[in-house]
Amino acid sequence: MADKVAVQAEKLAALLDEKRVFPPSEEFRRQANAPDPAIYTKAGRSLEDFWAEEASRLDWFKQWDKVLEWNTPWAKWFVGGKLNVTHNCVDRHAASARRNKAAIVWEGEPGDARVLTFGMLAREVNRFANALKSLGVKKGDRVAIYLGMTPELPIAMLACAKIGAPHSIVFGGFSADSLRERINDAKAKVLITADGAWRRGAVVPLKASADQALEGTPSIEKVVVAERVGKAAHVTMQSGRDLWWKDLVANASDKCDAEPMDAEDMLYILYTSGTTGKPKGVVHTTAGYLVGVSATHRYIFDIKETDVFWCTADIGWVTGHSYIVYGPLANGTTTLMYEGTPDYPDRGRFWAIVAKYGVNVLYTAPTAIRTFMRWGADWPAKHDLSSLRVLGTVGEPINPEAWIWYHENIGRGRCPIVDTWWQTETGMILITPLPGLTRTKPGSATRPFPGVEAEVLDDKGQPVGPGAGGYLVLTRPWPAMFRTIYGDPDRYVKQYWSRYPGKYFTGDGAKVDADGYFWLLGRVDDVMNVAGHRISTYEVESALVDHASVAEAAVIGRSHDVKGQGIASFVTLKEGVQATDQLKEELKAHVAKKIGAIARPDDIFFTSELPKTRSAKIMRRLLRDIAEGRILGDTTTLADPTVVSNLKQQYEEEGKSD
Ligand code: ATP
Ligand code: MG
C-alpha cells in the first residue's frame, strides 16, 4: 500500500515537473559575488571555516574563541566573541568613506521622502539611545515597538541594539489585543509608538490602539510617542507615562558608546505570522544572526557598493528585520523603505519607486506578484525598470506562472530570480539560488545555501526518493538560527526538534527533484490525502493559476465521505473575467489535465478576495474551517477579518458547487 502511494505520488510529481530552466548569463556570473561553485564544497567541508570567514567581515570588540558549540538542539555561535550590532550596521560606516552615503532612503506616502546618510543615522540613533537610557532602559530590558514604516522604526531598533535592550516589534497593523498579548509575553518595559500611521491616505490610530492595549500591560513603565500624522489623529498623553519622541531627543547627546554584547546575548524577540496557529516568540541573538543575515544578503542578492536595495516587506516581519535593516546596513548598503501600499495613489506605485530611486535589487512576495499579474502588465510597462539587476521572492511558494510573469514583466528577461525559502525561526535565508551560479527553475527555491543541509523525510524519518513529497528538515546548525521560544524552551524542543530527533523540523512539506532541487509544497497541514494520494495544495493552486482566467487560488482538503478528503478551491479571477459555472468546469478540467484526474477539484468557489495574514500569506486553515462548517479559528493575525466572515457567509449561502 505504502509503495503504491509512493509510486502514485511520483507519477503525480512528474506530471508537474517544470521543464523551463534559466541559467545565469556568463556576463552576470563573471561579476557575481559568488562566481565559483566551490563555495558549496568549501562550506560543506568545514562549516566552521566558512562562517568564520564571513564573521571576519564584521568588527569585533573581542574575537571569538570557538566558532560553534552544538549540543543539539542548543547552539552557541562565535563563543566568547564580543561585538555590537549597531556599531556594525551604522557606526563603522559613519566612521568610514561611507559617511555621506545614503543608508536609509525612505519613501513616504505620496509627497514625503527622507534620506538618512550613515553619518546622519548614527547621530539619530545615538540621540534615541540616550533617550532610552534616560527612561531607565538597561541592557537586557525588553522594548516593544509598535510603529508604521517610518524612519523612527529602524532608528528605534538600532538604538535598542546599541544599548543592548532586545526589541520586540509588533506590526503596526495589529490590533490592541494582539499588541497587549505580545507586550505581556515579552514583559516589555517601554513601548515606542506613534500618534498614527498613514495607510492609503487614511490614518491608522496607533496611539489609540496602544492606549487600549496598555490597559492590561503591568510591565510597561514609559511610552514614547513619535509624531507622524499630527492633527489627523486625536492623541491623549497620560502624564508620567507618555512622552513625545521629539521632546526626549531634543536635548539628548548625539554621542553614545556601543554596549559590548556577548555573541549570544539576545538581540530581539519576534512573533511568527500565526499562519498555522498562535504566534511564537522567536528569540534571535547577536553574532550568529548578524553574520548570517549579512552573508546571505551579500551573496544571494549579489550586493554591490553602489546598489539601492529594496525589500518591500514590513519591518514588523522577519523579512524586514533581516533584509531591510540588519543585513543591508551591516553590508553598508543603501536600503529603501516604503511606507505605503502598492496601489496608492495608483497601481504603478512600486514601478514608479523603482524608477525614481534606480532600485537595483527588488525583494518581494508571491502574493504581491500575483496581484500585479491581476492588474496587468501595462502598469510596469509605463516605467523605466532598467536599473533592476536581481529579483527576489519570499513568503510562500511562488507558482511557476507568477515566476515567469515576474521574470518577463519586471526583470524584462534580464534579471536572475532568487526564490528564497526561510522562516522567522531560521533568521536568514536557507534555501535559495545564488544568482551567478544556479540554473533556476520557476517554482523551485533550488538548493540549500552553502553550509546548510536539508533533507526531505517520510513519516518514519527515511529520506524520500526524487519527486516524492515529504517533510522538510535541516540537519546542520546555521548561525542565524533562533535559540529558543521566549519563555518556553520546552516548546522549542517539542515543536522543532522532537519529531525527528537531532533534526530541525520546519513544518513545511517539500520534494526534491532528480537534480537535487527543492520544491516547497507549503505547510505540512496543507498536504491533502485524496483517496490515498498525497497531493499538495500548492500543486493544485499552481495548476489553477496556470489558467489564463485565474489570478489567485487557495486550495484545501475538506472531508469527503468516499475519498477521505476532497479538494475545495477558492479562486480569484483576473479583472474583467466573468465567474460562470462553465468556467468552473473548465478549471476542473484544466487541473485534471495538468496534474491528473485524481487532483480534479471537487468544488470551485469564486471569491473576490482570499483571507490573508497581515504578512500577506493565504490562511488555508480558515478556509478549511469554512469548508467544514466549523467555527472560525484564531483570526487575530488576519489582515482584514471581514474577508473571512463575508466569505463564510457567501459560502454558506451558495453551498458547494457539486
Ligand atoms: P506561523 O509559524 O506562526 O504559523 P508563518 O510560518 O507563516 O507563521 P513566517 O515565519 O513568517 O511565519 O513564515 C515562514 C513560512 O513561510 C515557511 O515555513 C514557509 O511555509 C513559507 N515560506 C517562506 N518563504 C517561502 C518560499 N520561498 N517558498 C515556499 N514557502 C515559503
Ligand atoms: Mg511557521
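This is a predicted model: local features need pLDDT of at least 70, side-chain atom pairs count only at pLDDT 80 or more; totals for chains, interfaces and linings use all residues.
Colleague: What should I know about numbering and confidence before we start?

Modeller: Residues are numbered from 1 along each chain as its sequence is written, and chains are lettered from A and ligands numbered from 1 in the order in which they are written. Local features need pLDDT of at least 70 and side-chain atom pairs count only at pLDDT 80 or more, whereas totals for chains, interfaces and linings use all residues, and side-chain values use heavy atoms, with hydrogens and water left out.

Colleague: Which residues surround ligand 1, and what makes a residue near?

Modeller: A residue is near if one of its heavy atoms lies within 4 Å of the molecule, and 21 residues surround ligand 1, the closest being Thr 272, Gly 274, Thr 275, Thr 276 and Thr 424. By class, this shell has 5 nonpolar, 9 polar and 7 charged residues, where Asp, Glu, Lys and Arg count as charged, Ala, Val, Leu, Ile, Met, Phe, Trp, Tyr, Cys and Pro as nonpolar, and the others, Gly among them, as polar.

Colleague: Why is the pair between Thr 424 and ligand 1 called a polar contact?

Modeller: A polar contact is a pair of N or O atoms within 3.5 Å, and a polar side-chain atom of Thr 424 lies 2.5 Å from an oxygen atom of ligand 1, so the pair qualifies. An N or O atom in the side chain of Arg 523 is 2.8 Å from an oxygen atom of ligand 1. The protein buries 95% of the 640 Å² that ligand 1 exposes when taken alone, an area from the Shrake-Rupley method with a 1.4 Å probe.

Colleague: How do you know that strand 18 and strand 19 pair?

Modeller: Strands are DSSP runs of E, at least two residues long, and helices are runs of H or I of at least four; two strands pair if DSSP finds at least two bridges between them. Strand 18 (residues 361-364) and strand 19 (residues 390-393) have 4 bridges in the parallel sense, so they pair. Tyr 363 stands opposite Gly 392 in strand 19.

Terms used:
A polar contact is a pair of N or O atoms within 3.5 Å; within protein, one must be able to donate a hydrogen and the other to accept it, and residues adjacent in sequence count only if both atoms are side-chain atoms.
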